[in-house]
Amino acid sequence: MAAQAKKRVLSGITATGRLHIGNYIGAISQWVDNQAVYENLLFVADLHALTIPQAVAGQDLRARVEEIFALYLACGIDPEQSTLFVQSDIVEHAELGWIMTCTTPVSWLERMTQFKTKGKIADVDTGVGAGLLCYPALQAADILLYDPDLVPVGEDQKQHVEITRDIAKRFNTLFGDTFKIPDVVIRQAGGRIMGLDDPTAKMSKSTAERAPGHAIGLLDPLDKARKSIMRAVTDSNSGVDFATELAPGVTNLLTIFECFTGTSRDQSAARFDGAGYGKLKSDVADAVIGRLTEIQQRYREITDDRDQLNKLLTQGAERARSIAGPKLAQAYRATGLRS
Ligand code: TYM
């Protein structure tokens, strides 16, 4: 019997800020867990970072991009099993991005939740760039260039994968069958990790820059990480009571614990029911810090070997280009730009 081809996975992270445990749980850990089963294509979305100019102004964006690339490796992505690359190293993203911008109705883009929320924040200072509106069309290009079967992301990116499906269908209807329609994959628990300081708001890279205690960065000093967890907002009760509705901050801590330890909710109920919040937080801190210690150790080794890092950047870009190039050519032919 012929061996079945592996399903192809495509996903990425925008280089606007330092990665946190929400990114790790919602995205990276899914990629690591499935890398032997799927063909992974994982990238650092640096062009997307420019959609919030004030988030990158004055920063060495390339250094930030390489930090994320090295963190993928440090978190356990194997560069021989997975293709790792940087978006702007593959010019096909910007080229197909333009075609997708022209294929996408403005009304679809205006409905995007991220445009509405980030647009409001950005507006206060400098006004919103058109890139923030058009961002989902570039994201559609990121995905469709590689014909993936699956796009594993956190819950906040679901809408962007759904619009990608709609854009692909529209393109296929207008210009003929060209793109595969991918499915979104979201973790059952852990698809939306909340802020430690405010469990009603999603843990986010941009809030983390303004609010210490909001997130745990993957490269944070370990004592800072422990302090942030010990100070996490819960409620005015003294401990965990599974007979009552748990406060969002408590549920968030339980989810973090479960994702870092592979524990089910029933197992954590047996462990924590009746326990004080101090015990819950200190067990969460131990679990998180244990993993961060490994990640940071690997990160130091990886970044110490500059030649190897450069080699992996080049190798990943070559592999990605070999898929993206022919696909872009196919899209050019479909639109009539090439015969
Ligand atoms: P970004 O950089 O905001 O987030 C990267 C990944 O982390 C997930 N995530 C979370 N998961 C759980 N809890 C959280 N608090 C949390 N915060 C973030 C996100 O859902 C995402 O999976 N536009 C994308 C990057 C991108 C992309 C793509 C993704 C560009 N092109 C193509 C997939 C496919 C973004 O800004 O993600």
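Reader: What makes up the lining of the largest cavity?

Author: Met112, Gln114, Phe115, Lys118, Leu132, Tyr135, Pro136 and His160. Each has an atom within 4 Å of a cavity point, on a 1 Å grid over the protein atoms alone. The model is predicted: local features need pLDDT of at least 70, side-chain atom pairs count only at pLDDT 80 or more, and totals for chains, interfaces and linings use all residues. Residues are numbered from 1 along each chain as its sequence is written, and side-chain values use heavy atoms, without hydrogens and water.

Reader: Why is this space called a cavity?

Author: Because a 1.4 Å probe fits there but cannot get out. The space is about 50 Å³, counted as the volume filled by probe spheres set on the points.

Reader: How many aromatic pairs are there?

Author: The count is 7. Ring centres must lie within 6.5 Å; planes under 30 degrees apart are stacked, over 60 edge-to-face, the rest tilted.

Reader: Why is the pair of Phe85 and Tyr146 called tilted?

Author: The centres are 5.5 Å apart and the planes stand at 40°.

Reader: What makes Phe171 and Phe179 edge-to-face?

Author: Their planes meet at 65°, with centres 4.9 Å apart, so the pair is edge-to-face.

Reader: How do you know that Arg170 lies over the face of Trp108?

Author: Arg170 is 5.9 Å from the ring centre. The rule asks for CZ of Arg, or NZ of Lys, within 6 Å of the centre and within 35 degrees of the ring normal. Arg170 is therefore counted as over the ring.

Definitions and conventions:
Rings of Phe, Tyr and Trp (its six-membered ring) pair if their centres lie within 6.5 Å; planes under 30 degrees apart count as stacked, over 60 as edge-to-face and the rest as tilted. On a 1 Å grid over the protein atoms alone, a cavity is a set of points where a 1.4 Å probe fits but cannot get out, and a pocket is an open set with protein on both sides within 12 Å along at least five of seven lines; lining residues have an atom within 4 Å of a point.
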